[in-house]
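Take a walk through this structure, one element at a time. Keep the sequence and the model side by side.

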Amino acid sequence: MSTCQQVARPLVRCLRQAGPGAATCSTRSVTVAAVRPFSSTPMRKDEGATTTTTSPVDSTTTTTPPPPPSATEAKAAVADTVVGGPELGSRRRRAALATTGNLPFEQLPYQCFQEARKILQQDRAAKIAQIVKETEKIKLIEARDASEFEGGEAAKQTRIKSLRNYIEELKILADINDPEVKRRFEDGRGDMTKPVYRFLAERRWRSMDYKIIAQRISQFHVVPDLLPAFDPTMDVKLSFRGYQVSPGAILDSRVTEVAPTLRMQVFDKGERLLTVVVIDSDVPDVTHDNFKRRCHFLAANIPWDPSKTVLSLRSVGDRVEGDVGKPWLPPFAQKGSPYHRLNVFVLEQKPGAKIDGEALKKHLENRENFSLKGFREKFDLEPVGFNLFRSEWDEGTAEVMDRHGIPGAEVEFKRQKFASLKPPRKARGWEAKRQKPKYKSLWKYVKRIA
């Protein structure tokens with residue numbers, strides 16, 4: 001039996017039972033399929049099927065049963081009856097929703113499912129009672145004087161912070177096993193203001209995306225080239241012109257001509273101010289035979305919280321609140337130079353600390369020789385998010401540089417060749433010994449050394 005037939009089998013069975021072919025032209029009784037009522041108790045044996053008899057008048061009427069639907073039609077019917085479209089949820093879930101009518105998800109008539117929900121509700125009630133108890137403890141500690149604690153005010157605040165963290169953990173444990181919570185999170189409709197959804201989002205991010213970013217940081221030597229140490233704590237995804245970019249991908253210069261869009265997700269509660277910096281860490285310095293850094297974009301004082309996810313760098317300072325220190329400069333690489341690493345850093349400002357726009361512009365009078373470490377220390381910032389892409393010389397780089405007035409499109413880097421200082425090497429080996437006319441008959445088998 002194919003997969004399509006397995007999915008459509010319950011729906012086909014229901015259509016055959018409920019169709020007009022259920023009644024026959026004879027006067028004998030017809031057994032109608034018993035419909036199990038919604039109950040959390042098992043069905044009794046005496047609850048048998050209900051029988052009905054047709055009258056002689058009705059027996060003269062004959063009906064032709066319709067042909068059973070094909071597997072393709074049944075599968076389409078299953079997909080159309082599911083709220084959210086055919087691509088929402090697993091195949092088993094779509095079939096279950098299609099065979100249970102318009103019942104809400106939490107009222108599905110499956111005995112094991114409903115019994116499990118009772119256990120989860122009892123556990124949730126216990127967790128809520130514990131939350132109320134810990135909240136009362138916090139109120140009592142706040143009412144006490146700091147001199148009553150052995151460590152003074154610091155010990156009092158440490159105790160309060162510990163209890164609040166425990167309450168956040170209890171909130172997560174109260175809803176972590178709720179099937180409705182998991183369903184909303186998998187469908188992308190989770191409320192990120194609630195701790196359980198932030199916990200699920202962080203767990204999913206650390207399962208794969210965090211590992212990829214950590215690998216890129218090590219692989220492309222972001223540490224220690226730009227920062228002495230760095231461990232990201234927020235999810236940052238990069239997209240150009242609506243297309244998501246994998247970390248470290250080499251992009252066409254015509255694609256990166258427009259400022260990107262960042263999808264950022266923080267996993268702790270509260271609002272904070274963020275600073276976004278884009279740095280090219282591979283700008284050739286011919287004078288010193290080295291590489292220097294260039295700032296391609298910088299914006300500060302961007303308000304952010306867990307409910308926000310999308311930040312367009314083109315909109316900062318216009319539709320999005322924030323101060324732009326340097327507008328977007330398209331990445332470029334001269335011909336012959338190695339690939340350039342364009343590093344996107346998201347830095348968190350101290351609570352309540354807003355960077356002065358004039359001081360920011362004064363610090364960035366020149367894009368060249370930008371130091372992320374010095375910028376971080378001057379404004380007391382903490383790096384929390386990271387992503388990167390790479391740029392190389394391509395067929396559109398010269399046009400992009402010309403449109404934005406960037407000089408140097410005609411520059412080409414070549415490796416300088418030096419003559420070897422070693423003396424000429426004398427011929428050695430079997431071939432060198434047999435170059436005399438005496439061995440002329442063997443020359444055709446070997447490469448002659450002149």
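How far apart are the end C-alpha atoms of helix H4 (residues 111–143)? This model is predicted, and the answer comes from its coordinates. At 1.5 Å a residue, the 33 residues of H4 should span 48 Å. The end C-alpha atoms lie 49 Å apart, which agrees.

Now look at what H4 hides. Its buried residues are Gln114, Arg117, Lys127, Ile131, Glu134, Ile138 and Ile141. They pack against two helices, H5 (153–175) and H6 (179–186).

Move on to helix H11, residues 372–379. Here Leu372, Phe375 and Phe379 are buried. Seen down the axis of H11, the buried residues fall within an arc of 65°, so they line one face of the helix.

What covers the buried face of H11? The cover includes strands E7 (272–285), E8 (290–304), E11 (340–349) and E12 (381–391). Helix H10 (357–363) is also part of the cover. Just after H11 comes aspartate 380, with a positive phi of about 55°.

Finish at strand E9, residues 310–312. Serine 312 lies in this strand. Is serine 312 buried or exposed? Its relative accessible area is 16%, under the 20% cut-off, so serine 312 counts as buried. Leaving aside residues up to four places away in sequence, serine 312 touches Pro260 and Thr261.

Technical notes. Residues are numbered from 1 along each chain as its sequence is written. This is a predicted model: local features need pLDDT of at least 70, side-chain atom pairs count only at pLDDT 80 or more; totals for chains, interfaces and linings use all residues. Side-chain values use heavy atoms; hydrogens and water are left out. Buried means under 20% relative accessible area, exposed over 50%, partly exposed in between (1.4 Å probe, protein chains only). Helices (H or I, at least four residues) and strands (E, at least two) are DSSP runs, numbered from the N terminus. The arc is that of the directions from the helix axis to the C-beta atoms. Contact means heavy atoms within 4.5 Å. The expected span of a helix is 1.5 Å times one less than its number of residues.
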